[in-house]
Amino acid sequence: MHAWIDRPLRDGKDADEWEPTESEAIANIDRWYQAGRPLFPRDSLQDVRDQLRKSLKKGDSIYVKAFDGSMYEWPVKTGDIKTLWEPDDDTGEEKRVEWMLLSQAYCSVGIGHWMTRVGQEPEPGPLGDLNSGLEFLDTTLRGWEGSEPWRDIKSTLSSLNLDTKIAKVIGMACGSFTPTLECCGSTRSAVQHALLLTMKTFLQECNLGTGEVACYVQDPGYSKTDRLVLEKSDIKVLEDPEGFLEMDDASLVFSCGPNICVKEIVADIARPSILIWCTVKEEDPEHALYVSLASMTVLFG
Ligand SMILES: C[S@@+](CC[C@H](N)C(=O)[O-])C[C@H]1O[C@@H](n2cnc3c(N)ncnc32)[C@H](O)[C@@H]1O
């Protein structure tokens with residue numbers, strides 16, 4: 001399954017008919033941002049979330065207010081069959097949010113459709129087995145609990161003196177992890193989910209968290225098996241952009257190597273008490289590499 005994003009309308013006209021120069025767009029965005037206008041206003045994300053929750057049908061539209069006040073409109077094309085650019089005929093499946101940092105100049109959020117091949121199941125390829133998924137996460141969890149990075153993180157967490165008790169652990173873009181017939185599962189992503197679970201328990205047991213700490217994740221790349229394993233493990237999967245909207249002062253947010261601009265969105269919409277996210281090696285900005293989990297930057301507010 002892959003995603004498709006169409007050209008939107010801008011104030012009712014084909015967006016491509018309007019084109020600022022690059023330098024004009026950059027100068028305007030810098031000026032507006034410095035003047036305090038966020039790139040990802042919370043109310044705009046809420047509005048997109050509310051529109052996506054409705055039962056949408058072909059012919060409806062989803063509207064996003066852009067940085068300069070103009071209104072972008074994405075037509076809902078569920079059920080469309082694409083012949084152009086898609087040699088095997090694809091059909092629009094579900095609606096979803098597509099984050100497009102500035103590629104529509106003043107509109108930082110775009111709306112895309114999931115696509116599936118005509119005649120194929122929405123999730124092609126061999127499905128993983130729930131029990132092997134649970135076992136994989138459990139084995140990873142036990143390994144992680146005895147690891148040095150977890151000891152270091154616990155020690156840093158223990159040294160904190162926070163004004164607000166943590167009520168939610170939120171993992172963004174932690175990735176699909178369950179094994180399938182074709183793949184033995186992603187240890188890297190499983191470790192990130194194990195980290196969320198150990199942090200939830202640790203916060204509950206020490207006085208940093210509320211009595212019951214909720215655990216949420218957002219990643220549109222989860223398979224059905226991932227979702228089932230997460231549900232059984234007491235981790236709630238949220239649909240994009242719900243994970244961002246859950247963030248508040250009483251949150252711990254974790255994200256490592258996302259391919260959306262998590263840091264920029266968080267900066268605009270929330271002040272979580274604890275942020276754990278990766279740094280990017282800077283030696284070669286053209287080919288940035290994400291550092292390993294053990295050397296993540298840990299920031300505390
Ligand atoms: C490079 S992978 C990193 C996965 C994992 N965190 C790791 O370190 O290996 C980027 C992840 O971002 C996820 N992603 C893409 N769009 C997203 C969105 N809108 N919200 C949350 N996650 C998203 C992808 O599905 C993918 O799992």
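Me: What makes H3 roughly perpendicular to H5?

Reply: In this predicted model, H3 and H5 pack at an angle of about 65°, and their axes are 9 Å apart. Angles from 65 to 115 degrees count as roughly perpendicular, so H3 is roughly perpendicular to H5. The crossing of these two helices is right-handed.

Me: Which residues make the contact between H3 and H5?

Reply: H3 contributes Phe136, Leu137, Thr140, Leu141, Trp144 and Glu145. From H5 come Thr187, Ala190, Val191, His193, Ala194, Leu195, Leu197 and Thr198. By class, this contact of H3 with H5 has nine nonpolar, four polar and one charged residue.

Me: Why is H3 called oblique to H6?

Reply: Helix H3 (residues 130-145) and helix H6 (residues 224-232) have axes 9 Å apart and pack at an angle of about 60°. Roughly parallel needs an angle under 35 degrees, roughly antiparallel one over 145, and roughly perpendicular one of 65 to 115. An angle of about 60° belongs to the rest, and therefore H3 is oblique to H6.

Me: What is the handedness of that crossing, and which residues make the contact of H3 with H6?

Reply: H3 passes H6 in a right-handed crossing. On the H3 side the contact is made by Leu130, Gly133, Leu134 and Leu137, and on the H6 side by Thr225, Leu228, Val229 and Lys232. These residues divide into five nonpolar, two polar and one charged.

Me: How do you know that Leu230 is buried?

Reply: Leu230 has 25 C-beta neighbours inside 10 Å. The cut-off for buried is 20 or more, so Leu230 counts as buried. Its place is in helix H6.

Me: What does Leu230 touch beyond its neighbours within four places in sequence?

Reply: Leu230 is in contact there with Val217, Ile235 and Val237. Val217 is 13 residues away from Leu230 along the chain, and the C-alpha atoms of the two are separated by 8.9 Å.

Me: What makes Asp11 exposed?

Reply: Around Asp11 there are 12 other C-beta atoms within 10 Å. A residue is exposed at 12 or fewer, so Asp11 is exposed. Asp11 is found in the loop between strand S2 (9-10) and strand S3 (13-14). Its phi is near 45°, a positive value in a residue other than glycine.

Me: Why is Asp234 called exposed?

Reply: Asp234 has 10 other C-beta atoms within 10 Å. The limit is 12 or fewer, and therefore Asp234 is exposed. Asp234 lies in the loop between H6 and S11, and has a positive phi of about 70° although it is not a glycine.

Me: Where is Pro241, and what is the geometry of the peptide bond from Asp240 to Pro241?

Reply: Pro241 is in the loop between strand S11 (236-237) and helix H7 (242-245).

Me: What surrounds the ligand?

Reply: The ligand is surrounded by 18 residues, of which the closest are Ala173, Gly175, Asp219, Gly221 and Gly257. Eight residues of the shell are nonpolar, seven polar and three charged. Helix H5 (residues 187-205) gives the most to this shell, with three residues.

Me: How many helices and strands does the chain have, and what percentage of its residues is buried?

Reply: The chain comes to eight helices and 14 strands. Of its 301 residues, 32% are buried. Among contacts between residues at least 6 apart in sequence, 61% join residues at least 24 apart.

Note on methods. Residues are numbered from 1 along each chain as its sequence is written. This is a predicted model: local features need pLDDT of at least 70, side-chain atom pairs count only at pLDDT 80 or more; totals for chains, interfaces and linings use all residues. Axes are lines fitted to C-alpha atoms, for helices over the stretch in contact, and angles run from 0 to 180 degrees between N-to-C directions. Helices (H or I, at least four residues) and strands (E, at least two) are DSSP runs, numbered from the N terminus. A crossing is left-handed if the near helix is turned anticlockwise from the far one by less than a right angle, and right-handed if clockwise. Two residues are in contact if their C-beta atoms, placed from the backbone, lie within 7 Å. Ala, Val, Leu, Ile, Met, Phe, Trp, Tyr, Cys and Pro count as nonpolar, Asp, Glu, Lys and Arg as charged, and the others, Gly among them, as polar. A residue is near a molecule or strand if its C-beta atom, placed from the backbone, lies within 6 Å of it.
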